[in-house]
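Please keep the sequence and the 3D view at hand while reading.

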Amino acid sequence: MRVPRLAWALLCRKAGLRLSPRNAPGPGLRPGGAPRGPALPRGYSVPSPRPFFITTPIFYVNAAPHIGHLYSAALADALHRSRLLAGSHAKFATGTDEHGMKIQQAADAEAKDPLDFCTEVSDKFRTLFQNSSIAYTDYIRTTEERHRKVVEQFWCVLRDNGYLYKGTYEGWYSTPDETFLSDAQVVESRDSDGNSVKVSLESGHKVEWTKEDNYMFRLSSFRPLLLEWLKNNPQVIYPEKFYHIVVHWLQDEMPDLSVSRQRNRLKWGIPVPGDSTQTIYVWLDALVNYLTVAGYPQDHSYWWPAAHHVVGKDILKFHAIYWPAFLMAAGLHLPKQIYVHSHWTVNGQKMSKSLGNVVDPLERFSAYTADGFRYFLLRQGVPDTDCDYYDDKVLKVLNAELTDSLGGLLNRCTGTNINPDQIYSRFSNHCFPKRHHEHQVVCLGRATTEDYKLIELVERLPLDVKRHFDEFRIYKALEAINLCVRLTNAFFHRHAPWKLDRENAADRSWLETILHVTLECLRVYGILLQPVVPTIADKLLSRLAVNLHERDWRWLNFLARYHNNECLFEGRKLGTDTGLLFNRLERTNTADRKTQRNARKRSSHK
């Protein structure tokens, strides 16, 4: 088989790749079918400020959703909401992956039609996302007709471009992971009966030796292209730790990839176009969902160059190696960003049905609220490392940061005792004169050095939050906001406005200035918290009488009066008091706490 030089050049141009003389392909394919690869372009930066296309992985419907699934969705949702508030034209897709051997076996075990089984579990994911304010714009299922057509089209493009061939695959296959494995990815282990078995080194799932005639994808052709793509785009994978992992994987030669299964083994999937004896490999089918949502093959050109994927570390290889290789072969743009997160353990142990420690998010919503649970996951979840969940931690974080710190601050400055007129108080430049540089000593006014430091921090906060979001460190953004909230509380307590004499003009002016600064801080915090806790942020901003059209990033002009500009909120009547911003959480089950402590002790002794 030969790929003409001109055809290869045209393919590269469509993909946005540059063809250099040193990497130009020869008259045909290398032995084994690997074409010589062209170099990649220097980078794919996100168009500023729009469009923005963010995706979660589509979730496998072999079991009900748990906190790991919600964490992926909440991360993507927060990124999507932040881009909307910044003025981007944004699309956010999630959904369910419904083909494969694992689904076929699960449906058979329950004596259910596979589609009915998939619909039942997919509806659970949809219900979870709707109850947790996951504001997706498209929910895709791989059993939909629109997706089948796109997968068939994509397969034909790969075939027509010369990247598929019929071959024999012989090696290890993990049904739970729906993935093929090399000898280096498999280790000896013991099953529950003490029998010697082979398992996946990464997941621990049992593998089986498989030999079958399948269609193969020329993955081996793309190793130099993938390496150059990563070299030219060192920030394409966040956090950086995972970028280096992918580069390390690519140091070894990659075998070609089996992309179909014999249909007499796997019927639950999309048949290979033109070959009814084969079913398309579930991961190729699943990855193409991103193109389906983008409008491929006719209407994808607006969204596809702006694709950003949120994925768990366990599926990094599929998204950072297989998927870019498929896209190169099809002549399409590569993802702008791949955001990778680690996993959640429970009391120090991996979540498992057999251990009975799978955390159902919907159950926790009744205790912590959906917004509270979102806040905990995004505040405590660190993408670089696995995070541990236990209920006591949730209570401590939410009570300390949402109830006491943020909610307490709102109560203090809007209470009728301190703010009897219930207005957005006025600012006095005489009481709080502007300092033109940090070393200037301001003799007039009542503001202290600590007060000026607070102003500087809050003025810089939106840029800090944006940077942390861009670097996929939402927990850092929340950490920065929480620090400013604590400092604002300290500012309020330091000046003790409840001790000031309202009958004294100077005291009254300073009291109103204290309230104004505090309200302005809260307004900024409320706007910045919208992507993470939309319901709580709405309640806070409504109490401050901030209208719906005054809540995007354009309104982060903190303390305008300090800079001698007009403040549109000054003198405005506050919104209705609807009660506490976030109710204090109480421990309700001593036995549960004891079980958690024992689980942590067992884990520490291992």
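## A buried glutamate

Glu520 is found in helix H16. The model is a predicted one, and the values below are computed from its atoms. Is Glu520 buried or exposed? With a relative accessible area of 1%, Glu520 is buried, because the limit for buried is under 20%.

Two polar contacts involve the side chain of Glu520. In one, this side chain meets the side chain of Tyr424 at 2.6 Å. In the other, a polar atom of the Glu520 side chain lies 2.7 Å from the backbone nitrogen of Leu559. Leaving aside residues up to four places away in sequence, Glu520 touches Tyr424, Asn557, Phe558, Leu559, Ala560, Cys567 and Phe569.

## The chain as a whole

The chain contains 18 helices and 19 strands. It has 606 residues, and 58% of them count as buried.

## Helices H3 and H4

Helix H3 covers residues 101-109 and helix H4 covers residues 114-131. The two pack at an angle of about 100°, and their axes are 9 Å apart. That angle makes H3 roughly perpendicular to H4, since angles of 65 to 115 degrees are classed in this way. From H3, the residues Ile103, Ala106 and Ala107 take part in the contact, and they meet Pro114, Phe117 and Cys118 of H4. Sorted by class, the contact has six nonpolar residues, no polar ones and no charged ones.

Ala106 is one of the H3 residues in this contact. Its relative accessible area is 18%, so Ala106 counts as buried. Ala106 and Cys118 are twelve residues apart in sequence, and their C-alpha atoms are 9.8 Å apart in space.

## Helix H6

How many of the ten residues of helix H6 are buried? Seven are, so H6, which spans residues 223-232, is largely enclosed by the rest of the structure. The buried residues are Arg223, Leu225, Leu226, Glu228, Trp229, Leu230 and Asn232.

## Helix H11

Helix H11 has a buried side. Pro361, Arg364, Phe365 and Tyr368 are buried in H11. Why do they share one side of the helix? They cover an arc of only 115° around the axis, which puts them on the same side of H11. The face turned away from this buried side carries the exposed residues Glu363 and Ser366. The elements covering the buried residues of H11 include helix H2 (67-85), H4, H12, strand S19 (387-389) and helix H13 (391-414).

Each end of H11 has a detail to look for. At the start, a side-chain oxygen of Asp360 reaches to within 3.0 Å of the backbone nitrogen of Leu362. After H11 comes Thr369, which has a positive phi near 75°.

## Positive phi in loops

Thr369 lies in the loop between helix H11 (361-368) and helix H12 (370-380). Its phi is positive although the residue is not a glycine. Thr369 counts as partly exposed, because its relative accessibility is 35%.

Ala496 is another residue other than glycine with a positive phi, here near 40°. Ala496 is found in the loop between helix H15 (474-495) and helix H16 (505-529). With a relative accessibility of 9%, Ala496 counts as buried.

## Cis peptide bonds

Which residues does the cis peptide bond with omega of about -10° join? It joins Tyr238 and Pro239.

Pro297 belongs to the loop that runs between helix H9 (289-294) and strand S15 (307-312).

Key: Residues are numbered from 1 along each chain as its sequence is written. This is a predicted model: local features need pLDDT of at least 70, side-chain atom pairs count only at pLDDT 80 or more; totals for chains, interfaces and linings use all residues. Side-chain values use heavy atoms; hydrogens and water are left out. Axes are lines fitted to C-alpha atoms, for helices over the stretch in contact, and angles run from 0 to 180 degrees between N-to-C directions. Helices (H or I, at least four residues) and strands (E, at least two) are DSSP runs, numbered from the N terminus. Angles under 35 degrees count as roughly parallel, over 145 as roughly antiparallel, 65 to 115 as roughly perpendicular and the rest as oblique. Contact means heavy atoms within 4.5 Å. Ala, Val, Leu, Ile, Met, Phe, Trp, Tyr, Cys and Pro count as nonpolar, Asp, Glu, Lys and Arg as charged, and the others, Gly among them, as polar. Buried means under 20% relative accessible area, exposed over 50%, partly exposed in between (1.4 Å probe, protein chains only). The arc is that of the directions from the helix axis to the C-beta atoms. A polar contact is a pair of N or O atoms within 3.5 Å; within protein, one must be able to donate a hydrogen and the other to accept it, and residues adjacent in sequence count only if both atoms are side-chain atoms.
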